[in-house]
Amino acid sequence: MPPTKKTRRSDPAGLFLYGNINFLAYLLAVQRNTSMSNGDADADAAARPSWLPGLYTSSPVLFCFFGMAILMTALWSLGFRLNNDADDLLKLHEIRTLLETGNIFDRTLPGIVQPEPYVSHWPWIVDLPYAAFVRLFAPFAGSEPALMLACFAGPLLLLAPALYFYNRLMTAVGFAYPAVAFPLALIFAARTFFEFAPGRIDYHNLQILLLLAALVLMLSRSRLSAFVNGVLTALAIAISSEFAPFYALVMAVYAFDWIFDREGGENRIAGFGLALTAGAIGLFAAIVPPSAYDAVRCDTYSTPHVTALAAAGLSFAIVPLLAGRRGGWPMRTAILLAFAAASAVALAKLYPQCLASPYAPLDAYVRDNMINRILQELSLFRRPDVVLSTDFFSMALLFIGALAPAVICAKPQGRSRPIVILALFSLLSLALAIGYVRYYPYLPIFSGIGLIFALASLLPNTRLGRYLKSPVPAASNRYALILPGLVLSGAMLLYHLSVKPSEAAVPAAEFADSCFSSRFEPKQNWPSGAVVLSPPLIGARFVALAEGPKVVTIPNHPSAKGIERSYRFLDPATADPRAILDASKATHVAICAWRGPPLPGLEAAYPFTAGLIEGRPPTWLRECPTDASSSLRIYSYRNADGSDAVCPTSTPAAQARP
């Protein structure tokens with residue numbers, strides 16, 4: 001998956017919690033009234049709840065969907081960006097390109113010229129829902145307004161089935177009153193479900209939806225559910241291999257059921273395997289052009305991915321035939337491990353280049369100056385902002401919720417199939433979040449449910465605790481469910497207090513890119529053929545415009561050559577920055593503007609960059625007129641024929657912007 005920089009923001013989950021307190025209190029009263037005996041209900045007819053709360057208890061998903069949709073829409077209209085991610089800007093450009101060309105196989109994006117072509121590593125199927133939406137509404141609203149509407153409404157439409165599956169998961173673990181437990185868990189998991197906010201058109205929300213569906217299907221013992229799960233697994237990996245660890249655990253659960261001869265386990269593993277193989281091959285034909293069938297791309301769905309999925313699927317389909325009813329679990333385990341080992345060795349021999357990180361082929365300069373500095377590319381042990389930050393308290397809550405299901409499973413009485421599966425995925429999510437912050441936003445999915453168990457154990461005799469009860473046996477110590485999470489949080493705190501993570505010097509390009517979150521709105525009318533060299537995040541803003549200039553780089557690893565040029569252009573170690581402009585064939589330079597007093601510290605460390613930020617360019621650059629309140633400075637350089645590049649002109653015509 002591509003690296004992006006994310007800005008720090010306050011967590012709006014607290015707003016969601018505050019707005020639901022009164023409603024939940026009223027809901028408890030409703031549950032009390034509806035659970036009365038007939039005689040008590042007649043005696044208390046005046047307190048009988050209205051039809052609306054009764055409707056909620058029968059359809060909590062519908063009410064929570066509208067509640068979250070209204071909240072996220074309100075925050076969006078007020079200018080809050082719950083996920084200020086440059087990937088959404090690139091995705092907007094990608095969808096627009098697909099609509100204009102209609103070529104599903106050509107993933108070259110024309111607006112990014114390094115000058116090498118930029119080839120997207122995202123398959124076209126992640127653009128399909130939004131492109132279909134635009135095709136449907138364009139005859140009535142126009143293409144660009146329909147695209148803006150798709151970006152707004154598309155994530156919200158995906159939220160509805162995601163909430164449905166999340167509610168099914170909570171019901172499966174056995175809460176006595178899911179209508180009470182579900183909104184509470186949703187509050188704790190709000191950070192994850194904010195991935196469905198308007199404008200969040202990256203593929204992460206689709207991945208979350210597919211994972212929740214896979215969990216619910218896995219709880220079923222039918223062969224049809226396993227077959228559908230095989231197709232969903234192939235689809236999820238075809239979209240991105242980011243969630244591969246979760247789907248490896250899905251496969252492990254089906255394997256466990258067969259190894260230990262659970263009821264229907266043989267049918268489920270065979271159905272899952274056949275669907276996985278068929279889905280992997282079918283998606284390969286749909287995504288990869290015939291001319292690239294033998295191409296190896298480790299960062300996108302290609303030959304290595306379909307080979308791995310097909311090998312796993314065929315193994316699952318064949319092993320029940322080989323083993324039959326002979327032998328016990330040791331023989332079945334050995335057969336599966338033999339197939340897995342043979343597949344792993346074959347893949348390593350065929351595609352050794354894919355054993356390393358997707359960023360391994362990148363130049364060390366790009367890795368050191370950008371990739372390795374992105375917070376989501378670090379582990380929690382290397383993040384410099386864990387202690388004394390507003391995120392530490394929420395981290396402790398997530399740790400408590402993630403470990404609570406495992407504590408429940410410590411007792412044999414608590415090991416129901418849904419609880420065990422929840423505990424396994426929760427532990428995996430916790431390990432991934434600690435080791436790689438990229439997975440941290442997905443941890444609340446599982447922690448939200450675990451926190452309900454912990455809350456119920458702390459409130460055993462209260463009215464709220466009664467409505468959070470489940471068949472899970474009570475812990476001998478009422479604090480047993482929260483202690484492991486507190487211990488882990490304390491250990492993380494002690495580590496960061498004793499071992500201060502090393503921090504490299506901030507590259508000049510990072511200062512020049514610091515206005516990404518300020519929502520600048522470039523309205524310039526750019527001359528034909530304009531190519532802008534800018535730091536990557538600014539480039540992402542430009543490339544998302546309906547009629548913007550071409551850019552040299554955006555913050556995604558396929559644009560590594562452009563990233564290197566933009567960083568070296570501002571690097572004080574670069575002897576002649578003009579050589580970078582010439583190599584990238586850029587006609588203009590765009591950089592964040594500082595319009596206040598001089599910055600002595602920046603001027604001393606990065607004199608060239610400081611001069612551009614403060615409006616003191618070298619003689620070979622000419623500053624273009626911009627609004628006094630603009631967060632950008634734009635400089636013209638020269639065209640490819642040696643003539644001076646024309647500055648963009650202001651225009652009152654509004655452009656479509658994300």
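**Notebook: buried charges, cores and rings**

I started with Asp 127, which is buried, with a relative accessible area of 0%. For my own reference, buried means under 20% relative accessible area, exposed means over 50%, and partly exposed lies in between (1.4 Å probe, protein chains only).

A word on what I am looking at: this is a predicted model, in which local features need pLDDT of at least 70 and side-chain atom pairs count only at pLDDT 80 or more, while totals for chains, interfaces and linings use all residues. Residues are numbered from 1 along each chain as its sequence is written, and side-chain values use heavy atoms, with hydrogens and water left out.

**Entry 1: salt bridges**

I asked what Asp 127 pairs with, and found that its side chain meets that of Lys 91 in a salt bridge, at 3.1 Å from N to O. Asp 127 sits in the loop between strand S2 (117-119) and helix H6 (128-141), and Lys 91 in helix H5 (residues 86-101), so to speak distant parts of the chain, 36 residues apart. Lys 91 is buried as well, with a relative accessible area of 0%. The term salt bridge needs a side-chain nitrogen of Lys or Arg within 4 Å of a carboxyl oxygen of Asp or Glu. Helices (H or I, at least four residues) and strands (E, at least two) are DSSP runs, numbered from the N terminus.

Next I looked up Arg 96, whose salt bridge with Glu 144 has its closest N and O atoms 2.6 Å apart. Arg 96 lies in helix H5 and Glu 144 in helix H7 (residues 143-172), so this pair ties together parts that are 48 residues apart in sequence. Arg 96 counts as buried at 7% relative accessibility, whereas Glu 144 counts as partly exposed at 22%.

Helix H18 (residues 417-435) holds Arg 417 and helix H12 (residues 244-259) holds Asp 257, so parts 160 residues apart in sequence are tied together. Both ends are buried: Arg 417 has a relative accessible area of 17%, and Asp 257 has 2%. I also noted one network, in which salt bridges that share partners join Asp 85, Asp 88, Glu 195 and Arg 200. Over the whole structure, the search finds 20 salt bridges.

**Entry 2: nonpolar cores**

Which residues touch the most other members of the largest nonpolar core? I found Tyr 166, Phe 193, Phe 425 and Phe 453, in a core of 151 residues. A nonpolar core here is a set of buried Ala, Val, Leu, Ile, Met, Phe, Trp, Tyr and Cys residues joined through side-chain atoms within 4.5 Å. A second, separate core has 31 residues, among them Ala 509, Leu 533, Ile 563 and Ala 586.

**Entry 3: aromatic rings**

The whole structure gave me 29 aromatic pairs. Rings of Phe, Tyr and Trp (its six-membered ring) pair if their centres lie within 6.5 Å; planes under 30 degrees apart count as stacked, over 60 as edge-to-face and the rest as tilted.

Phe 246 and Tyr 439 have ring centres 6.4 Å apart and planes at 70°, so I wrote them down as edge-to-face. Phe 246 is in helix H12 and Tyr 439 in the loop between H18 and helix H19 (443-458), so the pair ties together parts 193 residues apart in sequence. Phe 246 and Tyr 439 are both buried. They also belong to one aromatic cluster, together with Phe 243, Phe 425, Tyr 436, Tyr 442 and Phe 446.

Phe 511 and Tyr 606 came out as tilted, because their ring centres are 5.8 Å apart with planes at 50°. Phe 511 is in helix H22 (residues 508-512), while Tyr 606 is in the loop between helix H26 (600-605) and helix H27 (607-614), 95 residues apart. Phe 511 counts as partly exposed at 35% relative accessibility, and Tyr 606 is buried at 14%.

**Entry 4: the whole chain**

To finish, I noted 27 helices and nine strands in the chain. Buried residues make up 52% of its 658 residues.
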